[in-house]
Amino acid sequence: MERTGLYNFEITPYDDISQQSNLTKLELSSAQKMHTSAFYQQLPSLIAAGTAANIYEMKLPPGISPSDLMRYSDGSYGNIYFGKDGKFLGHAHLESLSDRAVAMNAFSAMSIASGQYYLSEINNNLTAINQKADKILEFLYGDKKAELMAEVRFVNFAYQNYISIMGSDVQRMATIVGIQEARKVAMKDIEFYVSDLDSQSKVKDISNLDTFVNDVFKIKDCLQLAIQLYGMSSVLEVYYSQNKDAKYLKYVEDDIFAYIDRCEKCMLSDFSAIQMRINSYKAGPLKKIDKSEYEKQISKIVDLLGSGEELIKRKPLQSTLQSCQKETVYYLNRDGELYLKTA
């Protein structure tokens, strides 16, 4: 099999990918598929041996984005290529169609499509913000209700329309501003609900146990929603901005986890105090109440908070951020269909 190494990426021709494992077909818009199809037509000229194939695999090194390609004075893109013996042969000019760089458009389409895949991996684990609006409104309360609901809807909008919005620079920049605002709102609301839960854990009169427990779980649900909003908005900003700087990515990851850890420690302390109060609760002589179900519910929350997986799962967040720095392997066929190697 012929293999050609290029300065910023590698291209390998394949006749069949049916034996390749861990491939995921990526969603492409019609415009993106046009770019990948056009790029496929240009690939043979980039292979030093001139060998054409039905499938091509391309690897971008960790941290490399399409903008890192060599840019010529005429605005087109290209790179150096080598022969079988590893010796330099020359520059591979990436031809453009309609005055646009075919390769640049294709790489951009690939990056956006894989970005949507990784975002879906984290979004599928965000059980709170993925609930239907009526379910969320059942537990939201107070002055924060409207603003938190609005930001959840906006972040869902930004996630669902990622591929489309990334195709418009003006809308992309406006969306980034909205995402940053959503993160700030999430942080304010987190602080509010953490304080509210702490106050609730210290309430002296819990004679109406039903109301007390119901209020506690409402606060817990609001906190989970706000924290998941904070995590998703932080990751969305990374993907919308396409900022793959290693220090920046490390900061974002550390910031999210440090904030989540702090919130969970506060919640664990408060729910442990609430657990003790419910365990010691005794109804009056004329009032009978079965508190066993409440004890089970609170105990479950305490156990989950202790495991560090109650509010938001760490692994999908981490893998989604780290994917920006990993080598990316794509498979492209003659129809412009794109596959991502996921493991």
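**Figure 1. Helix 6 packs against helix 8 in this predicted model.** The axes of helix 6 (residues 169-201) and helix 8 (residues 246-279) come within 9 Å of each other and cross at roughly 20 degrees. Angles under 35 degrees count as roughly parallel, so helix 6 is roughly parallel to helix 8. The crossing of these two helices is left-handed.

**Figure 2. A closer look at the residues joining helix 6 and helix 8.** From helix 6, the view takes in Met187, Ile190, Glu191, Val194, Leu197, Asp198, Gln200 and Ser201. Their partners in helix 8 are Tyr259, Arg262, Cys263, Cys266, Met267, Asp270, Phe271, Ile274 and Arg277.

**Figure 3. Helix 7 meets helix 9.** Here the axes of helix 7 (residues 209-241) and helix 9 (residues 292-307) come within 12 Å, with a crossing angle of roughly 25 degrees. These helices are therefore roughly parallel to each other, and their crossing is left-handed. On the helix 7 side you will find Leu209, Asp210, Val213, Phe217 and Lys220, while helix 9 contributes Tyr294, Gln297, Ile298 and Ile301. Six residues of this contact are nonpolar, one is polar and two are charged.

**Figure 4. The whole chain, as a setting for the close-ups.** Ten helices and eleven strands make up the list of elements in the chain. Of its 343 residues, 48% count as buried. Among contacts with a separation of 6 or more, 76% link residues 24 or more positions apart. The accessible surface comes to about 16900 Å², and carbon and sulfur atoms account for 50% of that area.

How values were computed: Residues numbered from 1 in each chain as written. Predicted model: local features only at pLDDT ≥ 70, side-chain atom pairs only at ≥ 80, totals over all residues. Heavy atoms only, no water. Helix = DSSP H or I, 4+ residues; strand = E, 2+ residues; numbered from the N terminus. Buried < 20%, exposed > 50% of the residue type's maximum accessible area, 1.4 Å probe, protein only. Contact = heavy atoms within 4.5 Å. Areas by Shrake-Rupley, 256 points an atom, 1.4 Å probe, with all protein chains shown as cover. Axes fitted to C-alpha atoms, helices over the stretch in contact; angles between N-to-C directions. Parallel < 35°, antiparallel > 145°, perpendicular 65-115°, else oblique. Left-handed = near helix turned anticlockwise from the far one by under 90°. Nonpolar A, V, L, I, M, F, W, Y, C, P; charged D, E, K, R; others polar.
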